[in-house]
Amino acid sequence: MRRDDQAIPEPLRLVVDFVNTLDVEEISDELASPAALAAWCHHHTGSDLHLSVSRKDLAAAIEVRDVLRNAMLANRGVAIRPEDLAEHNRRIARFQAGVEFAETGRPIVRARGTGVTEILSRILVDVATAHALGIWDRTKLCPAEDCLWAFYDHSKNRSRRWCSMDLCGNRTKTKTYRQRHRNQ
Ligand SMILES: [Zn+2]
């Protein structure tokens, strides 16, 4: 794990890990192939190591990740463009969930489907659950162009901007200072 060593609370851990499969800084993508997606699911959700993953599943996963990255940007104040919103919601429309009750009468929202579809549905359920718990808007994307790392804002007033002030905040400040200096 880089940058943020503070624990991400449930149910957001899987969500943040999933979004960070794309590492802009290292220019690497853990979802580079269907086999890579199967491996990621196995390591992060305990799914079958030989989970069958089609190219279509992979494309769907990348779409969901893209939608989540945009929503996390919106959490930082960069609203999703109205013309993109319908497309984003169309991309996640096929993922479904249903309500079940536990013995105690407690309702449980359960993702539907099988394989990758179930896992992606579960990630979306986690997002909705986090929102119900009032913590979804604490997940953000770092605005440094060469970073864009998803992080959880632990700050009291939810004002954290960078994944790490030391790594991205100061670096960007220095860059801005240098650019200004150069332009003088
Ligand atoms: Zn950053």
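The model is predicted: local features need pLDDT of at least 70, side-chain atom pairs count only at pLDDT 80 or more, and totals for chains, interfaces and linings use all residues. Residues are numbered from 1 along each chain as its sequence is written.

**Helix α2**

Helices (H or I, at least four residues) and strands (E, at least two) are DSSP runs, numbered from the N terminus. Helix α2 covers residues 34–45, twelve in number. From first C-alpha to last, α2 reaches 16 Å, close to the 16 Å expected at 1.5 Å a residue. That expected span is 1.5 Å times one less than the number of residues.

A residue is buried if 20 or more other C-beta atoms, placed from the backbone, lie within 10 Å of its own, exposed if 12 or fewer, and partly exposed in between. In α2, the buried residues are Leu 37, Ala 38, Trp 40 and Cys 41. They sit on the same side of α2 because they cover an arc of only 160° around the axis. The arc is that of the directions from the helix axis to the C-beta atoms. The face turned away carries exposed Ala 35 and His 43. After α2 comes Gly 46, with a positive phi near 75°.

Most residues other than glycine have a negative phi, and most peptide bonds are trans.

Ile 27 has 8 C-beta neighbours inside 10 Å, so Ile 27 counts as exposed. Arg 158 is partly exposed, with 13 other C-beta atoms within 10 Å.

A cis peptide bond joins Glu 10 and Pro 11, with omega about 10°. Pro 11 is in the segment before α1 (13–19).
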